[in-house]
Amino acid sequence: MAKAYTFEALGLLHQGIDESILNIVKLAGCLLEAPVSHVSVVETVEGRQLIAASVGPLFDPMDHCETCLEDSICKHVVATRRTVAIPDLQKDIRTQTNSLLQAQNLRSYIGSPIHTTTGRVIGSLCCMTHTIRDWSARDIEMLEKLACCVDDIIKARTLALEERRARERLQDLLASRSSYIAHISHEIRTPLTGIIASIKMLSHAKSDRQSARLNDILTRSADKLMTFVSDVLDLAKIDAGQIESVLEETPLVDLMSDILAEFSPLAESKSVALEIDNQLGKNTYFVDRKALTTIVQNLVGNAVKFTDSGYVRVHLKEDSYGQIVIEVCDTGIGIASADHARIFEEFEQADANISRTYGGTGLGMTIVKRTVEHLNGLITVDSRLGHGAKFTVSLPLQIANGQSQAA
């Protein structure tokens with residue numbers, strides 16, 4: 001399933017008016033002889049409607065580009081996923097008490113859905129008049145065709161954004177290659193030195209206690225080396241595009257429960273509560289179970305590792321664009337704002353003392369980010385030093401059990 005970018009990310013909101021969309025809005029008004037027309041984005045989760053471009057007095061000037069969902073007619077287009085035509089706004093039960101429409105003396109409305117690249121209805125192309133009007137089949141057909149033009153702009157912007165981000169990732173990858181080998185050499189040499197030295201000293205051990213200590217060094221060094229090699233190989237497979245996605249019907253809440261259960265002993269030893277806030281009900285989704293497990297295991301593992309008291313909580317919900325959102329929140333040591341981008345880079349951690357105090361290869365969050373991108377998702381971090389952290393993963397997952405049962 002393709003990624004659905006927000007209108008903000010595509011540069012279609014709050015960054016000036018997109019001329020192509022504005023031209024479609026003007027054309028719709030002219031063809032349907034409507035003095036008011038606009039393209040709206042309905043964000044049901046945030047309870048607001050955003051205006052990408054408009055003609056007429058309702059949303060003019062454009063600095064007034066947001067209304068609460070209560071005043072929105074376009075929300076009915078999103079809810080029904082089809083064109084909505086209302087001949088008389090003052091007599092229709094859905095709009096007769098709308099004070100915004102009454103103040104502008106608007107009497108009729110027609111709106112056709114616009115879509116994200118995933119096919120999700122996210123808003124509408126609308127026209128309104130000051131007189132009662134029975135919208136014809138021709139009116140509906142013209143508006144729907146113009147709405148398809150808005151969809152094409154969204155697709156073009158998405159492709160351009162994907163191309164730009166891919167180019168940036170390639171440049172970053174090429175820039176980091178010079179230090180990559182040096183990092184790998186260091187990370188392999190250190191445990192190997194411990195292994196070789198311990199093997200040589202074992203033959204000269206003079207007591208069982210000394211042998212046991214050397215065996216302990218051998219085990220820890222071998223485990224560290226194996227972890228590092230595994231992480232490097234996983235990262236190499238992702239970069240080479242050798243990860244095959246196998247989609248399985250998965251109840252997300254059950255998967256999250258299984259992952260949290262793995263960290264229960266460590267959490268209990270630190271008096272850290274493990275919690276799930278599930279707003280998806282019992283929905284099942286088609287998902288690459290192995291890849292998603294890798295993502296959540298890393299995020300929850302880090303949350304538990306860096307939290308000495310309080311809680312680690314996983315939130316499951318859906319955003320306005322129909323994507324599944326997994327938030328992993330903790331009350332741990334937090335991350336300074338300056339380090340938010342750095343933690344996703346290879347061999348980087350938020351602080352030099354982190355590796356010495358908590359361990360780790362410095363590749364875990366890089367693997368998480370690359371795996372999220374492999375699933376056409378997005379990951380962000382919100383944290384302050386000393387105030388815990390929240391990692392948010394948004395994934396375009398397709399529901400498997402038909403009708404949504406979200407709470």
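I began with helix H10 (residues 364-374), where lysine 369 and glutamate 373 both lie, four residues apart, about one turn of the helix; helices here (H or I, at least four residues) and strands (E, at least two) are DSSP runs, numbered from the N terminus. The model is predicted, with local features requiring pLDDT of at least 70 and side-chain atom pairs counting only at pLDDT 80 or more, while totals for chains, interfaces and linings use all residues. Residues are numbered from 1 along each chain as its sequence is written, and side-chain values use heavy atoms, with hydrogens and water left out.

Lysine 369 is partly exposed at a relative accessible area of 28%, and glutamate 373 is partly exposed at 23%, where buried means under 20% relative accessible area, exposed over 50%, and partly exposed in between (1.4 Å probe, protein chains only).

I then searched the whole structure for salt bridges, and the count came to 14. Among them is the one between the side chains of aspartate 18 and arginine 157, at 2.4 Å from N to O. Because aspartate 18 lies in the segment before helix H1 (19-31) and arginine 157 in helix H4 (residues 137-202), this pair ties together parts that are 139 residues apart in sequence. I noted that aspartate 18 is buried, with a relative accessible area of 10%, whereas arginine 157 is partly exposed at 28%.

I looked next at glutamate 275 and arginine 313, whose side chains meet in a salt bridge of 2.6 Å, N to O. Glutamate 275 belongs to strand S8 (residues 272-278) and arginine 313 to strand S10 (residues 310-318), so the pair ties together parts that are 38 residues apart in sequence. Glutamate 275 is partly exposed at 28% relative accessibility, and arginine 313 is partly exposed at 23%.

I finished with glutamate 327, which lies in strand S11 (residues 324-330) and counts as buried at 10% relative accessibility. Leaving aside residues up to four places away in sequence, I listed its contacts as Arg313, Val314, His315, Lys317, Lys390, Phe391 and Thr392, a contact being heavy atoms within 4.5 Å.

Technical notes
Salt bridge = Lys/Arg side-chain N within 4 Å of Asp/Glu carboxyl O.
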